[in-house]
Amino acid sequence: MSLSGPPDGLSPVRRLLMISVGLVYLVTPVLGVLRGEVTGARAVWACVALIVFVGGYVGIVLSQRTFGRPGRWTYALLGLTTLLAVALPPIFGGGWLALPVYMSVAFAMALPRRQAVAAVAAMGVTVAGLGLVTGTDSGTLVLLLFQVVTLAVLFTNVRNTRLLVSRLREAQGEVARLAAGEERLRIARDLHDLLGHSLSLIAMKAELAGRLAEGSPAVWREVRDIEEVARQALVEVREAVTGYRQRGLAEAVDGARAALESAGTDTFVRLSGTPLPAALDGLLAWAVREGSTNVLRHSGARRCDITVTYDGAEATLEITDDGRGQAGSAAEGEGNGLAGLAERVAAAGGTMAAAPVRGGFRLAVRVPAGAGAGARAETRARARAEPEPQPEPESGPDGSAAAMAVPGEREREQP
């Protein structure tokens, strides 16, 4: 399943409908065939040529991921349709000069800005030359040149407008994600500062009450239960705070896709079997961040594929690009970069492979599902080992500090 929609906000079909309205101008060569102006084998070839031209024109639109971002077949289809647009008017007459006009629209919508300007200018010169070859009158020729220029400018503005609207939507989404992240951090701080402090105080008060009740085993057991419950609740609060502070896989993928798209890299994301267990989710989120950073810094790629799969037994992440096949230096710092990622994956019992492949670079991370339980146990152990915040001493009935009555330096013996 791909999570990355078209950056211009339009599906290929809607994009095709948007720029294919002008195909109505092909009525001139079609009527030429229907009226018998082109007969015999030439009429058959004319129909075949029109079908191939329209098919190539449709293919140009569908092969793009977005306006101004050529796909794998876009340049080949542009070459085919351009050849037909230039070759057919001298063969079948001046009525076929509408075809070069279509090419100006295709150039404006399919090519990057500088390439589009150069191609439209070349097509204008070509239309003028074809008009002279086919004996087109000067008024019609001027009108055709005017259409080449105005349609190219119009559709260039349409393309730019769509891309700007898309970038605005992406910026709004990023603002919403950042706001959600800030809200999670605020909740985490409140839980840690308020509830964590209160639970620590309850645990200490329960310990003090237990020492005061050493003469009564029944009371001591009840107070000890209160203390254990408070300390367990404190551990759970810290685990919850840790979860709030972590960025998950979904956020990491969204951030990576936004960063890569901003750098001009077409990014495709496929997730299968998600959501992942919490520990695997955090580990693969880190892997996504490190892998996408490597693509941004070192590859110069035009395309990047991020694939995450989970089958219940193993989680797999693959990041491939079509760049220069380079990775960051291992000297980026201990614990950082791909070297640090490899250490963390190995500690979780998984494997990592990062190496150039034909036509780019590939990062593959595989982690067994059992790593999740171990990581959660490690998180719980860290939470228990974390020093508890010490509350301010309070005065007892006799004016002395109550906290001074807690002999924390010696072990309490069970009565």
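The protein has 12 helices and 5 strands. Helices (H or I, at least four residues) and strands (E, at least two) are DSSP runs, numbered from the N terminus. This is a predicted model: local features need pLDDT of at least 70, side-chain atom pairs need 80 or more, and totals for chains, interfaces and linings use all residues. Residues are numbered from 1 along each chain as its sequence is written, and side-chain values use heavy atoms, without hydrogens and water.

**Whole protein**
- Of its 415 residues, 39% count as buried (under 20% relative accessible area, 1.4 Å probe, protein chains only).
- Contact means heavy atoms within 4.5 Å. Among contacts between residues at least 6 apart in sequence, 73% join residues at least 24 apart.

**Helices α9 and α10**
- The axes of α9 (residues 249-262) and α10 (residues 278-299) come within 8 Å and cross at roughly 10°.
- The two helices are therefore roughly parallel (angles under 35 degrees).
- On the α9 side, the contact includes L249, A252 and V253; on the α10 side, it includes D281, L284 and R289.
- The residues of this contact divide into 11 nonpolar, 1 polar and 2 charged.

**Helices α5 and α6**
- The axes of α5 (residues 98-110) and α6 (residues 113-134) come within 9 Å and cross at roughly 175°.
- These helices are therefore roughly antiparallel (angles over 145 degrees).
- P100, M103, S104, F107 and A108 of α5 meet A116, A119, V120, M123, V127 and L130 of α6.
- This contact has 10 nonpolar residues, 1 polar and no charged.

Conventions: Buried < 20%, exposed > 50% of the residue type's maximum accessible area, 1.4 Å probe, protein only. Axes fitted to C-alpha atoms, helices over the stretch in contact; angles between N-to-C directions. Parallel < 35°, antiparallel > 145°, perpendicular 65-115°, else oblique. Nonpolar A, V, L, I, M, F, W, Y, C, P; charged D, E, K, R; others polar.
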